Amino acid sequence: MLDPHQLRDQLRSVVGRLTTRGFTLDVTHMESLEGRREAVQIRIQKLQAERNVRSKTIDQITAKNSDIASFMADDERATDELAAGKAELDAIQTELTDFLLTIPNLPDPDVPVGRGQDDNVEVRRWGMPRQLDFEIKDSVFLGTLSGGLDLDAAYKLSGAHFSLLRGPIARLHRALEQFMIEMHASQHGYEETYVPYVVRGSALQCTGLLPRLEEDLFRVVGNGTASGYLIPSGDVALMNLVAGKLLDANQLPLKLLANTPCFRNEAGMYGRDTRVTLMEYQADEVALVNIVEPSASMSALEEMVVCGERVLQCLELPYRIREVCTGDLGFSALKSYDLEVWMPSMGRYRAIGSFSNAGDFLARRMQACWRTSATSQPKLVHTVSCSGMPVGILLKAILENYQEVDGRIRIPGVLSPMMGVETV
């Protein structure tokens with residue numbers, strides 16, 4: 001959530017920066033809410049001042065044993081008016097907060113201006129796509145050919161947009177998870193965390209997903225009552241571990257990782273990419289979160305991108321890094337990078353990880369603060385995250401990039417010891 005003071009004091013600048021990301025701020029509505037809030041606050045302050053004067057008068061009359069009945073009646077009426085004013089102010093403040101929750105983060109001034117993903121700026125590439133001298137097969141064909149991908153069984157069990165893996169392909173999926181967890185924990189300093197897969201609505205609001213993405217979430221219902229949501233990403237749970245907390249400087253940076261299934265009701269929206277990428281209702285991911293002091297958030301973002309790159313380098317998968325333009329930024333991000341892996345069947349790079357710095361945008365929602373000493377003023381932390389490296393898409397990239405003419409799949413050298421085989 002944006003700083004309300006910044007909205008009031010720098011409105012023209014805020015409107016301009018939001019416009020670059022394709023968002024039009026309803027200035028009229030915001031000014032109306034602010035005007036109502038200010039008017040009610042002034043009225044409350046006036047009533048409180050009058051009440052203070054009246055209280056002193058009543059004390060003086062009481063000391064003189066005079067009749068105070070009329071003064072007490074006025075005081076009761078003023079008390080009722082004050083209570084009504086406070087209730088009205090609370091209602092306006094709730095309406096204002098709900099309005100603020102719909103406003104995305106401001107792009108960092110250094111973010112390239114653009115309308116959408118076609119305007120994202122390539123930063124660097126690594127590796128050369130393998131030149132295959134035979135007909136390229138996509139991951140669905142390769143997985144089905146080996147018997148390791150059984151979409152028919154998945155459909156019978158759960159319906160469309162789910163997958164079922166068996167045998168060596170299932171083991172390869174598990175090896176990828178284990179490889180990423182071990183790398184990020186042992187080499188990059190992230191603390192492995194096991195989190196619940198169901199969260200309250202407040203946790204999703206704190207991470208910017210509610211109220212705007214209600215239709216993309218799976219609700220959990222128990223005894224006829226909605227009791228929570230299946231997590232759409234592991235970083236939702238990880239970030240909320242600092243919600244409402246005041247951290248000491250020696251607790252930062254706080255680097256966390258979680259390997260979780262993620263549930264998103266958004267499958268079928270990806271057109272020609274659907275067959276290869278299989279955007280599914282359920283997908284495993286390895287999410288990273290870094291809670292840092294403000295001065296360190298941009299460097300933390302760059303370091304996290306390198307962590308993601310290291311995964312693809314070890315797997316010897318060609319990739320590129322692109323800086324996300326203003327029009328393609330996620331709702332909570334002030335700056336982001338996309339990590340894109342080469343997919344031979346598509347003949348192009350395909351996003352596999354998104355790394356974002358939200359600044360204090362989410363911390364303000366979560367009321368997550370830090371301080372340098374016991375007597376210093378608390379300040380909002382900054383949050384940096386990778387919403388998750390999708391294991392399924394990484395698996396598909398390996399199937400396609402390591403395919404042989406007969407449909408066999410070579411295992412990347414870094415995974416062979418874990419798999420115990422060199423091909424599947």
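Predicted model: local features only at pLDDT ≥ 70, side-chain atom pairs only at ≥ 80, totals over all residues.
Local features here need pLDDT of at least 70 and side-chain atom pairs pLDDT 80 or more, while totals for chains, interfaces and linings use all residues. Residues are numbered from 1 along each chain as its sequence is written, and side-chain values use heavy atoms, with hydrogens and water left out.

Start with the helices (DSSP runs of H or I, at least four residues, numbered from the N terminus). The axes of H5 (residues 139–146) and H13 (residues 391–401) come within 9 Å and cross at roughly 80 degrees; axes are lines fitted to C-alpha atoms over the stretch in contact, with angles from 0 to 180 degrees between N-to-C directions. So H5 is roughly perpendicular to H13 (65 to 115 degrees). Ser139, Leu142 and Gly143 of H5 touch Lys396, Leu399 and Glu400 of H13 (heavy atoms within 4.5 Å).

On a 1 Å grid over the protein atoms alone, a cavity is a set of points where a 1.4 Å probe fits but cannot get out; a pocket is an open set with protein on both sides within 12 Å along at least five of seven lines; lining residues have an atom within 4 Å of a point. Volume is the space filled by probe spheres set on the points.

| Space | Volume |
|---|---|
| Second largest pocket | about 180 Å³ |
| Largest cavity | about 30 Å³ |

Of the 15 residues lining that pocket, Arg17, Asn105, Leu106, Leu334 and Asp360 are the closest to its centre. The largest cavity is lined by Pro4, Leu7, Arg8, Met30, Glu34, Leu96 and Leu100, and H1 gives the largest share, three residues.

Note on methods
Helix = DSSP H or I, 4+ residues; strand = E, 2+ residues; numbered from the N terminus. Parallel < 35°, antiparallel > 145°, perpendicular 65-115°, else oblique.
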